[in-house]
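Me: I am learning to read protein models and would like to go through one with you, feature by feature. Could we start once the structure is in view?

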Amino acid sequence: MTKRIVLITHSLPDKDDRASDHLRRLGYRLDWKTPCEGDVLEPLSDDVAGTIVYGGKYCISEIDDLPFMQAEIDWVRQCMAANLPVLGICQGAQMIAHILGADVGPHPEGWHEFGSYTVEPTKEGRDFLPHPLNMLQAHFHQFQLPDGARQLARSELFDNQAFSWGDRIFGVQFHPEVTLAGFKRWQEADWSQGNEKNPGVQSRADQDRLSAAHDMAMDTWFRGFLDKLFDPAKYV
């Protein structure tokens, strides 16, 4: 039986991101779910090898008013309880931090990150990120470090860029899954227009220059990380 990875998105997915591409190459069956569009998350079954929760526009403070978010939180809890690999990206990382009791919300000084920013490993995070690397970003909310979690990375504007809970639960604020084509779609989307007026957001010229310059290194790091977290020798 081919194991599946459940990929949870918060808008209809383009399905050309690095994470799904690499997991397919590893031999997994991909099970895309978009609960905000009506997809149902069934109870956890034996054929599930892990899950990725992608970013999105929804705020943690909205969970009580959004049944689909409550279902996603329950799903992540099930995967964590079963000790399956869980990766939260941006909003997904914030959801994991919330589950673990940490505060989530806008940066108190109003900072945003949209573009390609240097992310540095913490002392504890050098096995996760051996050296500083530019990562794509698109956020203004942040998570605090949950009690008992390892802080793995930070940036100049946002102190918490990555954490782990045990060796199979990871949250990252940045977007290593996004390709250059995917980021260009973000740049041209209605929701990002006027972004440059927000403090911390890079100019369009810097976004283009830095994202292109660091794309290959980000890709190489991320695929290596996915190999470790979703090791097919354990789950396929």
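Predicted model: local features only at pLDDT ≥ 70, side-chain atom pairs only at ≥ 80, totals over all residues.

Me: Where do residues other than glycine have a positive phi here?

Reply: Most residues other than glycine have a negative phi. Asn 83, which is not a glycine either, has a positive phi of about 60° and is found in the loop between α2 (67-81) and β4 (86-89). The helices (H or I, at least four residues) and strands (E, at least two) are DSSP runs, numbered from the N terminus.

Me: Are Lys 15 and Pro 108 buried, partly exposed or exposed?

Reply: Buried means under 20% relative accessible area, exposed means over 50%, and partly exposed lies in between, with a 1.4 Å probe and protein chains only. Lys 15, with a relative accessible area of 46%, is partly exposed, whereas Pro 108, with 71%, is exposed. Pro 108 is found in the loop between β5 (104-106) and β6 (113-121).

Me: How many residues of helix α3 are buried?

Reply: Eight of the nine residues of helix α3 (residues 91-99) are buried, so this helix is largely enclosed by the rest of the structure. Among them are Gln 91, Met 95 and Ile 99.

Me: Where is the kink in helix α5 centred?

Reply: The bend at a residue is the angle between axes fitted to the seven residues ending there and the seven starting there. In helix α5 (residues 204-229) there is a kink of about 50°, centred on Asp 215, and Asp 215 is also one of the buried residues of α5.

Me: What does the radius of gyration say about the protein chain?

Reply: The radius is taken over C-alpha atoms, and the globule rule is 2.2 Å times the number of residues to the power 0.38. For 236 residues a compact globule would have a radius near 18 Å, and the protein chain has 17 Å, which agrees.

Key:
Residues numbered from 1 in each chain as written. Heavy atoms only, no water.
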